[in-house]
Structure formats: structure tokens, C-alpha cells
Amino acid sequence: VQADGTDGNCVTFVLHDEDHTLGNSLRYMVMKNPDVEFCGYCITHPSESKINFRIQTRGSLPAVEPFRKGLNDLMGVCQHILNTFE
């Protein structure tokens, strides 16, 4: 994961070797955070397996925090599904 941006509350993360499966699920989890003003992703080109994942937060909350929380929440949901399935 690579992050770039001039402001800490508006960052684009570049996720390599990922597609809509992670992008849409992670977008859903991040948007549940009330401090997130905008969250979206795009796939740069169909022949590239790369996602540009953008988060903009309200106030002075760094964008990396809801990104990290979204990933952890998504892992928790996946673990619950796996445990229920088994």
C-alpha cells in the first residue's frame, strides 16, 4: 500500500494486485465511519490490477485512521463469516 497526498485528511491509497472484491467491501466499511466525508475507489485500467482508493475525512482526523479501521473491521467480518461457515 502506498499513500500520497498533500493534506493528511484527504489521501489516495494505491492498492496493488487488488480488484473490486476488496475495493467495494472496504469502501462500504470505511463509509460507516461518521468522520469520513468521502470514500471511493477506481480501477485505473482493466489491464492493471491496481486500485486508487481515496478517503477524505472531516476535521483534522488523518485519513489513514479510518483506512486502517476499515481494514480491521473487514477482517473481523470475514473471520466471523469463516467461523460461522465452519
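This report walks through a predicted model, going from its annotated domain and strands to its core, loops and salt bridges.

Let's start with the record. An unreviewed UniProt entry annotates residues 10-83 as "domain: DNA-directed RNA polymerase RBP11-like dimerisation". In the model, that span is 43% helix and 31% strand, and its end C-alpha atoms sit 35 Å apart.

Strand 2 takes up residues 10-16, and six of its seven residues are buried. Its pairing with strand 4 (residues 50-57) is antiparallel and runs over seven bridges. One of the residue pairs to look at is His-16, whose bridge partner in strand 4 is Lys-50.

Now for the inside. The largest nonpolar core has 14 residues, and those with the most contacts inside it are Phe-13, Leu-26, Val-30, Cys-39, Phe-53, Ile-55 and Phe-67. Strand 2, helix 1, strand 3 (36-43), strand 4 and helix 2 each give two or more residues to this core. Not counting residues up to four places away in sequence, Leu-26 touches Phe-53, Phe-67, Gly-70, Leu-71 and Leu-74.

Next come the loops on either side of strand 2. Asn-9 belongs to the loop between strand 1 (2-7) and strand 2. Is Asn-9 buried or exposed? Asn-9 counts as buried because its relative accessible area is 14%, below the cut-off of 20%. Its side chain reaches the backbone oxygen of Gly-59 at 3.2 Å. If you leave aside neighbours within four places in sequence, Asn-9 is in contact with Ile-55, Gln-56, Thr-57, Gly-59, Leu-61 and Ala-63.

Asp-17 is in the loop between strand 2 and helix 1 (20-31). With a relative accessible area of 63%, Asp-17 is exposed. Its backbone is worth a glance too: phi of Asp-17 is near 60 degrees, a positive value in a residue other than glycine.

The loop between strand 3 and strand 4 holds Thr-44, which is partly exposed at a relative accessible area of 35%. The side chain of Thr-44 makes a polar contact with the side chain of Glu-48 at 2.7 Å. Beyond its neighbours within four places in sequence, Thr-44 is in contact with Lys-50 and Asn-52. Thr-44 and Val-14 are 30 residues apart in sequence, with their C-alpha atoms 10.0 Å apart in space.

That brings us to charge. Side chains of opposite charge can pair when their charged atoms come close. How many salt bridges does the model have? The count comes to two, and here they are:

| Salt bridge | N to O distance |
|---|---|
| Glu-48 and Lys-50 | 3.9 Å |
| Asp-73 and Lys-69 | 2.8 Å |

Glu-48 is partly exposed at 39% relative accessibility, and Lys-50 is partly exposed at 25%.

Why are Asp-73 and Lys-69 about one helical turn apart? It's because they are four residues apart in helix 2 (residues 64-85). Asp-73 is partly exposed, with a relative accessible area of 28%, and Lys-69 is partly exposed with 45%.

Technical notes
Residues numbered from 1 in each chain as written. Predicted model: local features only at pLDDT ≥ 70, side-chain atom pairs only at ≥ 80, totals over all residues. Heavy atoms only, no water. Buried < 20%, exposed > 50% of the residue type's maximum accessible area, 1.4 Å probe, protein only. Pairing = 2+ DSSP bridges. UniProt positions renumbered as here; feature names shortened; annotations may be inferred. Polar contact = N/O pair within 3.5 Å; in protein donor to acceptor, adjacent residues only side chain to side chain. Contact = heavy atoms within 4.5 Å. Salt bridge = Lys/Arg side-chain N within 4 Å of Asp/Glu carboxyl O. Core = buried A, V, L, I, M, F, W, Y, C linked by side-chain atoms within 4.5 Å.
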